[in-house]
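Open the model in your viewer and keep the selection panel at hand.

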There are 2 protein chains.
Amino acid sequence: MRAPSDHERRPLPQAFIDAMNARFGARFSLGEAVRAHHGHDESHFPDAAPDAVVFARGTDEVVFAVNTCRTHAVPIIPFGVGSSLEGHILAVRGGLTVDLSEMNQVLAIHAEDMDAVVQPGVTRKQLNNALHGSGLFFPIDPGADASLGGMASTRASGTNAVRYGTMRENVLALTAVLADGRVVRTGGRARKSSSGYDLTRLLVGSEGTLGIITELTVRLHPLPEAVSSAVCAFPDIVDAVNTVIQTIQLGVPVARIELLDALTVKAINRYSKTTLRESPMLFFEFHGSPASVEEQAQTVQEIAREHGGLDFEWASRPEDRTRLWAARHDVLFASLNLRPGSRGISTDVCVPISRLAECVDGVRGEIEASGLIAPIVGHVGDGNFHCVILVDPDDPAEIARAEDLNRRIVERALAMGGTCTGEHGIGIGKQAFLLREHGREAIDTMWLIKQALDPDNLMNPGKVLPPA
Amino acid sequence: MRAPSDHERRPLPQAFIDAMNARFGARFSLGEAVRAHHGHDESHFPDAAPDAVVFARGTDEVVFAVNTCRTHAVPIIPFGVGSSLEGHILAVRGGLTVDLSEMNQVLAIHAEDMDAVVQPGVTRKQLNNALHGSGLFFPIDPGADASLGGMASTRASGTNAVRYGTMRENVLALTAVLADGRVVRTGGRARKSSSGYDLTRLLVGSEGTLGIITELTVRLHPLPEAVSSAVCAFPDIVDAVNTVIQTIQLGVPVARIELLDALTVKAINRYSKTTLRESPMLFFEFHGSPASVEEQAQTVQEIAREHGGLDFEWASRPEDRTRLWAARHDVLFASLNLRPGSRGISTDVCVPISRLAECVDGVRGEIEASGLIAPIVGHVGDGNFHCVILVDPDDPAEIARAEDLNRRIVERALAMGGTCTGEHGIGIGKQAFLLREHGREAIDTMWLIKQALDPDNLMNPGKVLPPA
């Protein structure tokens, strides 16, 4: 197979700069501060600023930028809010960053069809604010207030994917600008279709390497009539995980099940001034009719009791729920606070649910052996969990140990039929794991698609695919 | 764009025949009866027999067949049970049919992870029989006892997709043989992943034009603790559809909602010796805990009453449910029986749920204006419905009128943001509609992918994609 063309970093051609200046004026920037802002995300990878940034305001402007980049062989990187965790937006080969944050209009809310049409810079919180009063919500919640374009690009999910699915299930259609400047619309608003190749799902998770998303149609869900939350502590993390496994296997339609290890709970108590028992813990949320919510919770309480669950604590009042989930949401900050000045490197494996207890238990051993501090927290209803490895950002040796720990965790998950990333994506951090997970034949097939759609390898080059 | 290479029908090269004979012996057939059996499906399109048929027994044998076809430029068509409805398996350019029905092993049932690994010739009923006693089931039910490989290839769904999704949501991973003979494995067994391009979803719905599926990992679901069914008659079909719309909008997790028009009910009464009121009718099925099922049913009953529903009739006993759903399952035969000797041409549009009443009402008018007999039946919870247009198979003029009616129905659905096919696929019947639905840019993008993966256009040529 032909190797993808490699773009050595070189200065932007003056003709490119002139063309962009003429079209975008002040919205095209070569300024150092703007470039620096677009050169880092929430990952631990070294900053890599683009050579220029453009703030696009519509699909036609993205088309112009893509065409101008193609003419001058300039790499092009889409940018939402910069909350990615695997270096997706780092301009590792220089080029132009297309900032989509000004494309932030909610274009339509079709409440009666439970879908919304949005521009890619709309964030999930913004969409949910726009849905206020409609009786509907957009469930995908990766923690950060990410842009929906970015969430689609990384196939994001989060705490309640166990009930509502991931971006894969919740994007109905996309508009995208491909490398040759064509604008494709990948689907309609029907709930299902057998009409041709699934371009929507091909673009979801492609991390800007196949095209730039300029519009999304997303599914909405009815706000549940009743919501209740509960927390339950366990003597051991394996007991907690076994409770999860049985809950899923019984088909209880829980909306969220989050696992926190004892260290995470300790971090929360310290950071959020809570008084939770500092042992492994599950956070549950139940959605449904009042009767259904009560029934689900009772079933789960029984399962938890069988597995040694302690202190099953209810939180049906909104303020109690808010307090609990706010604490859960702050886990990253709480964890970092365990070691002031540290940075978190988050692992992201996901395994078949039956292997989850064994996996978490093995990972706990790996962490202990590593001597690193790494609280465990997870969206365990899907088999997905994270270790937030706390490192000194100025200690390369420690970062190397953290990367080694991550590698061990990924290998353990892959050996169990799992994946190296449940929801963060590949970016620049996991390309070697992608190859191990899928094998050379599958990666070569991905390259065939990449080369067909982006023959000059200008769309977010250096991301997702390991060298061919 | 380069036009795809066209394969004029020509005799099989002797060297191809020799190679296939040497490898497969009696499982490679040039016999007329075997070829004829593989030259028709359940569509109304003219039979088109392949030049040869091979009965493959493993991925390695499919690889051999694909490689031999490539060497000799022979088209290759995968075949499950032949229940497709849009001519998918017709050998319109001759070539070799790969019959996968002997690859019918259930390779693994991972009850604790709720997935199963199967060969492509396993049918949905066979899988559900294999699951007996496991507490799990495979929900996708397109009516026919189709092969799972075929169902994945057409992105099939059916009566309970409203609750459990389609093949898109229920295939976790595939093994497929691509045109160059490579074997790709497209995913693992984790419930979610952000790991690379979604090759699984690209192959699901590609109708054998990108590769031949030789293994599937599918999701299973817990058997519901309680199941109940109900039927409700309505004075007018629009009242029935409005009941559906409100049920979906309220988020009631119904497992099935089937619409039958008065003519369909009449056909059922005549065929299945039932005594249903001959007016538009909804069939419901509710899955869940006993309390949840009762609550769902009561909610729906109230909604139905608001829309003039009559005779809300329960069927909680298994034998009553079986009778009802057996009648529903026999709708095609019952409909054909309305006009002995006729053949059914099934339309398959799917629209956003808010437009469903308007769409069904308009279609009813189109049917009346056409003078054709076409009972309406639908998986209306998804916005999907079919008209079974009864035609005299020996009357080309009538078939042309039926095709014209189908075209009008598709145009109506597309104008509402719907799709030309909710679940049957494109095959040879809907390529022009595919273009109208997605536009030239999207179709050209599909062609780029097709050409990248199958440069000689040998994988089920003439299907899905309209000429480039």
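Start with both chains displayed: 100% of the interface residues of chain A are also interface residues in chain B, so the copies meet through the same surface. Two residues are in contact if their C-beta atoms, placed from the backbone, lie within 7 Å.

This is a predicted model, in which local features need pLDDT of at least 70, side-chain atom pairs count only at pLDDT 80 or more, and totals for chains, interfaces and linings use all residues. Residues are numbered from 1 along each chain as its sequence is written, while chains are lettered from A and ligands numbered from 1 in the order in which they are written.

**Stop 1: the two chains**

Select the contact between the chains, which takes 73 residues from chain A and 74 residues from chain B. On the side of chain A that touches chain B, β9 (183-185), α8 (199-203), α11 (290-306) and α16 (431-453) each supply at least two residues. Helices (H or I, at least four residues) and strands (E, at least two) are DSSP runs, numbered from the N terminus. The most comes from α16(A), with 13 residues. Colour this side of chain A by class to find 27 nonpolar, 30 polar and 16 charged residues. Here Ala, Val, Leu, Ile, Met, Phe, Trp, Tyr, Cys and Pro count as nonpolar, Asp, Glu, Lys and Arg as charged, and the others, Gly among them, as polar.

**Stop 2: two helices in chain B**

Select residues 356-370 of chain B, helix α14, and residues 396-415 of chain B, helix α15; they pack at an angle of about 160°, with their axes 10 Å apart. Axes are lines fitted to C-alpha atoms, for helices over the stretch in contact, and angles run from 0 to 180 degrees between N-to-C directions. Residues of α14(B) in the contact include C359(B) and V363(B), and those of α15(B) include L405(B) and R408(B).

**Stop 3: one residue**

Select I443(A), in helix α16 of chain A. Is I443(A) buried or exposed? I443(A) counts as buried, with 23 C-beta neighbours inside 10 Å. A residue is buried if 20 or more other C-beta atoms lie within 10 Å of its own, exposed if 12 or fewer, and partly exposed in between, with C-beta atoms placed from the backbone. Finally, show L465(A), which is 22 residues from I443(A) in sequence and 7.1 Å away in space, C-alpha to C-alpha.
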